[in-house]
Amino acid sequence: MSVPIDPSLGHDRALALFREELAAICTDAELQALRNRWVGRKGSWVAAFMDLVGRATPDEKRQIGRQANELKRAVETALAEREAVLAVSRRPAGAVDITLPGRAPLLGHRHPLSLVRDQVQEIFTRLGYQILEGPEVEDDYHNFEALNMPLEHPARDMQDTLYLASPRAPSGAHSAEVVARGQRPIAPQPLTLLRTHTSAMQIRHMEQHEPPVRLLVIGPVYRRDNLDLTHTPMFHQVEGLVVGSSITLADLKGTLISMATALFGEGQDVRFRPSFFPYTEPSAEVDIRCIRCAGSGCAICKRTGWLEILGSGMVHPAVFEYVGYDPDHVTGFAFGMGIERVAMLKWDVDDIRLFYEDDVRFLEQFGL
Amino acid sequence: MKVLLSWIRDFVDVPGTPEEIGERMSLRGLALEGIEHHDNDAVLDFDVTANRPDCLSMMGVAREIATAYSLPLRAEPGAGSAKAEPYISEMLGPITLPITIEDPELCRRYVAAVADVTPGPSPDWMQARLIACGERPISNVVDITNYVLLELGHPMHAFDLARLRGPAIVVRRARPGEMLTTLDGKRRTLDPDILVIADAERASAIGGVMGGADSEVSNDTRQIVFESAWFKPQSVRGTSKRLGLRTEASYRFERGADLTAAGRAMARALSLLEATGAGCRRGPVIDCYPAPYEERHLVMNPASIQRLLGMPVPDPDTERILSSLGFGVRELGGWQASMPEASTPAGQSGHGWHLQVPAWRVDVVRPVDVIEEVGRHYGFEHLPRTFPGIEEPPPPSDPRIARDVRARTGLLAMGFSEAITFGFIETAAAAPFVGDSAPVALANPLSEKFTTLRPSLLPGLVDAVGINRRRGRRDVRLFEIGTRFSPLGETRGAAAAWTGLASPEHWSGGQRDVDFFDIKGVAEQLCALMGVAPQFASTSTSFLVEGRAAELRVGDQRIGVIGQLDSAIAEHRDLPGDDPVYILEINLDLVSALAPPGTRFAKPLPRHPSVVRDVSILIDDSLSAETVRGTIRAASAETLVGVREFDRYQGKGIPEGKVSLSLRLTFQAPDRTLTDIEVQTAMNAIVGALAQQLRAVQR
């Protein structure tokens with residue numbers, strides 16, 4: 001591979017050959033071999049050049065001698081530099097290859113829905129809310145009737161309900177207490193269902209506590225929906241309820257817009273617009289500017305530029321009457337938001353089913 | 001509700017592009033769902049909320065737009081002529097058509113008119129408008145009923161007069177078992193909960209829902225009866241649900257039609273009939289209206305608006321908005337305004353309004369409903385952003401939340417990722433986990449996959465492990481914290497599943513698969529974190545491998561279970577049977593009830609050194625470690641503070657049926673440094689007891 005030693009090639013060619021050979025050097029041993037081949041006392045390139053000087057005519061001697069010395073100097077300098085480089089990468093005795101992968105203790109990953117839940121909880125804890133959970137199996141009274149949705153109410157169509165095969169006695173001590181407060185008695189509940197919204201917990205809480213109320217309820221809710229890109233028969237909701245002597249729609253707007261900004265970022269455009277729910281009056285929905293198209297119109301926002309994220313409103317006087325609050329003396333607001341929807345918008349997830357497959361490759365994208 | 005912009009402009013001269021109108025109306029309560037552009041025209045699709053049947057029409061939407069833009073609203077062509085018409089209750093003259101309402105609660109008004117018609121297609125302009133709004137043109141007569149429905153929101157129907165026996169119209173409840181073939185060709189069995197429009201003999205239409213095929217207007221029809229009626233919402237809704245039949249008519253009637261609109265709709269239909277040359281009225285309009293509409297009145301004051309909205313609305317704006325929406329607005333003096341519901345705790349001064357609610361606003365019942373109208377048309381964008389004041393600090397949060405966070409943090413730190421699975425599962429998947437109690441079944445499950453409320457978190461987790469395995473991932477550690485259901489109620493549990501390697505793969509080697517002691521370690525850590533120290537007792541359950549299953553006991557309560565998933569279940573859930581899956585589940589509610597309450601004080605660190613002694617013994621391998629530990633503890637003084645197995649060996653050099661067990665014993669006293677002699681005495685007692693009681697041989 002290496003060219004045989006031949007000083008007749010001349011100084012320039014010899015130096016070029018040396019640089020080629022030097023470039024291929026990786027280890028100390030190779031470097032030593034190269035040193036011997038080029039500047040060794042005997043049989044090296046430099047030695048061969050020196051022999052040439054000895055045999056040269058006086059005229060040539062001076063020039064060849066200078067070239068031989070220059071070659072020697074250049075080679076030695078280059079070898080020294082290379083030696084220094086190799087020395088830096090050389091491992092001291094007992095050292096390990098620190099570039100090998102570490103033995104990482106396994107850490108679990110948080111579910112994105114659980115992360116959103118915590119974020120919402122944190123926002124409202126900061127605003128002084130009590131965080132509650134409620135039963136997932138509910139009765140018709142708490143889930144619908146006391147929320148101003150009697151049996152034949154068309155708004156029930158908005159929430160297709162899953163019922164239990166065998167009805168259950170209503171849980172909680174609501175009836176006796178409300179009756180004791182002189183409110184309308186509650187009929188026995190033939191229908192036991194999976195709560196279709198966390199609003200059922202509003203009623204349970206108000207039945208048992210006098211105002212003021214300032215609470216947040218988080219948990220799973222159930223609807224008779226088929227699995228598709230945007231629907232699952234179970235999803236998670238967060239519900240807020242504030243009741244006091246002077247709660248206003250402006251308070252609701254302030255609260256919800258600050259929540260939306262906290263969830264989606266300071267620059268997020270948010271709007272608060274009228275809507276309808278049987279248990280609030282006036283009712284309002286909150287939209288954010290479409291995350292995908294920033295308002296120019298796309299399939300996600302159905303070309304409207306806005307994405308609805310939650311429903312809300314001022315607690316309907318009829319609801320207050322059901323739980324024995326006097327609507328002439330208290331007002332309140334309530335809101336409900338789907339956790340999945342927020343997570344989908346926040347992380348640009350286009351298939352809600354991913355949240356329920358628990359594919360570790362999906363979960364690993366979210367931190368602790 | 002799809003509205004055609006040019007049709008809207010028949011009633012209000014609204015400026016701007018469809019997009020601008022859509023955006024503005026979204027802020028006024030009609031949320032834009034989409035826009036279709038046509039030549040010089042557009043269809044705006046508005047989401048009309050369930051409380052606003054009056055907006056299920058061009059006129060209704062135009063009224064909202066007129067209010068939102070402060071523009072005048074024009075009436076429909078021919079409006080007003082209806083009022084001049086002298087209604088009579090029975091038609092005399094050339095045709096006799098007696099009309100009887102047998103159930104005036106379910107049908108409060110029935111307006112009818114007979115017309116001579118020449119069947120044919122309706123004019124192009126009418127067809128174009130119907131198509132744009134999603135209706136299929138059928139014939140000139142039918143198209144007129146649909147046109148009026150879309151324009152004024154009031155459903156109408158046309159019968160072929162020749163097909164009505166009598167001829168007569170009887171509005172009555174269906175007879176038990178009465179049959180009717182509806183316009184969609186389906187033969188339906190009716191019952192007395194269903195209101196029908198019958199002729200002298202039999203039902204010819206389902207009131208407010210759909211007409212009958214027999215009396216359908218056809219090419220041979222020469223005379224028709226137009227119907228414009230009012231049906232009770234609950235009745236129409238019940239009928240529509242029971243028959244599984246939803247129509248444009250039932251959709252409007254079940255939300256509440258305008259009782260006063262029946263006459264206007266008839267007048268409009270008759271004028272369209274003549275204007276399009278489809279036919280002309282014969283005889284007068286019959287109006288059966290046993291109990292006329294009673295006007296509804298409310299009183300409201302500006303203070304109540306501010307109290308609820310948190311912003312003042314100038315009186316002229318309130319008056320303009322309500323008048324434009326059709327309210328009769330009359331100003332009241334100070335004392336008159338302070339009616340009970342309109343009053344506010346702060347300040348009764350000032351004036352108020354006496355309001356007459358428009359007949360089409362079936363949703364406006366209380367003053368708060370009017371405040372909503374004022375608020376939404378004044379604009380929620382004018383609301384300041386304020387925050388509710390804290391009157392008293394809220395009580396503490398549900399303690400389950402912090403507890404669940406603690407369990408979650410522990411499981412995450414032990415390498416398990418958080419899973420969320422559905423609360424309902426297949427009956428077959430639930431069966432092995434149900435135990436002694438009955439499963440909680442759903443009455444109306446959507447599919448076979450979601451029939452039973454989960455009795456345990458494990459079936460869902462096992463399926464999640466299965467999904468990961470099928471997608472090529474062998475090492476899976478998942479946990480879930482969630483609700484389990486039984487006939488006794490709901491409990492919160494924490495469950496985990498572990499399959500594949502015990503520790504992540506590494507170039508240095510030393511990998512092995514997860515085994516029983518890995519999952520037991522997780523259970524021990526988790527329980528310690530939750531404040532309980534359970535006993536592990538062997539158990540036998542249908543979902544765990546015999547001999548690799550343990551239940552966790554605190555006192556006489558079973559708080560959880562660990563073990564290797566039964567391979568038949570694993571295979572049944574599509575998991576490879578040869579890779580073991582280890583699982584654990586604990587009842588968090590029970591654990592919190594059993595964990596000792598109160599503050600735990602920090603223990604001072606020991607002042608005197610401890611002494612460690614190892615002992616290796618040869619014993620029968622049928623003896624459990626717990627027995628050995630128990631024997632040691634029973635034989636030692638209280639200076640023994642720790643016993644830990646550090647080696648267990650069977651194989652070469654150990655006789656068959658024996659095991660070599662090595663234990664590390666720690667001795668310590670709180671008040672002194674133990675002497676060698678003390679420790680040796682203790683060791684002698686221990687070794688003696690092991691030899692005597694367990695026939696252990698010291699090695």
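This is a predicted model: local features need pLDDT of at least 70, side-chain atom pairs count only at pLDDT 80 or more; totals for chains, interfaces and linings use all residues.
**Notebook: cavity, interface, pocket and backbone**

Residues are numbered from 1 along each chain as its sequence is written, chains are lettered from A and ligands numbered from 1 in the order in which they are written, and side-chain values use heavy atoms, with hydrogens and water left out.

**Entry 1: the cavity**

I took a cavity to be a set of points, on a 1 Å grid over the protein atoms alone, where a 1.4 Å probe fits but cannot get out; lining residues have an atom within 4 Å of a point. Grid points are joined across faces, edges and corners, and a volume is the space filled by probe spheres set on the points. On that basis I found 5 cavities of 30 Å³ or more in the whole structure. The largest cavity holds about 490 Å³ of space. I then listed the elements that each supply at least two residues of its lining: α5 (112–126), β4 (213–222) and β5 (234–244) of chain A, together with α14 (399–413) and β22 of chain B. Helices (H or I, at least four residues) and strands (E, at least two) are DSSP runs, numbered from the N terminus. The largest share, 5 residues, comes from α5(A). I sorted the lining of the largest cavity into 11 nonpolar, 8 polar and 11 charged residues. For this, Ala, Val, Leu, Ile, Met, Phe, Trp, Tyr, Cys and Pro count as nonpolar, Asp, Glu, Lys and Arg as charged, and the others, Gly among them, as polar.

**Entry 2: the interface of chains A and B**

I counted 93 residues of chain B in contact (heavy atoms within 4.5 Å) with 99 residues of chain A. The buried area, meaning the accessible area (1.4 Å probe) lost on being put together, summed over both parts, is about 8,100 Å², and carbon and sulfur atoms give 56% of it. In chain B, F380(B), I420(B) and L446(B) lose the most area to chain A, together 9% of what that side buries.

I next searched for salt bridges (a side-chain nitrogen of Lys or Arg within 4 Å of a carboxyl oxygen of Asp or Glu) and found 9 across this interface. One that I looked up joins the side chains of R471(B) and E357(A), at 3.1 Å from N to O. Strand β22 (residues 476–486) of chain B gives the largest share of the side that touches chain A, with 6 residues. I divided that side of chain B into 43 nonpolar, 24 polar and 26 charged residues.

**Entry 3: a pocket in chain B**

I turned to the second largest pocket, a pocket being an open set with protein on both sides within 12 Å along at least five of seven lines. Its volume is about 1,100 Å³. Of its 33 lining residues, F516(B), F517(B), K520(B), A625(B) and R629(B) are the closest to its centre. I found that α17(B) gives the most to this lining, 6 residues.

**Entry 4: a salt bridge within chain A**

In one of them, the side chains of E21(A) and R37(A) meet at 2.8 Å, N to O. E21(A) lies in helix α1 (residues 11–23) and R37(A) in helix α2 (residues 28–39) of chain A, so the pair ties together parts 16 residues apart in sequence.

**Entry 5: the backbone**

I checked the backbone against the rule that most residues other than glycine have a negative phi, and most peptide bonds are trans. A cis peptide bond joins P211(A) and P212(A), with omega about 0°; P212(A) is in the loop between α8 (199–208) and β4 of chain A. The bond from G166(B) to P167(B) is also cis, with omega near -15°. D348(A) has a positive phi, near 55°, and lies in the loop between α11 (339–347) and α12 (354–357) of chain A.

Definitions and conventions: Buried area is the accessible area (1.4 Å probe) that two parts lose on being put together, summed over both.
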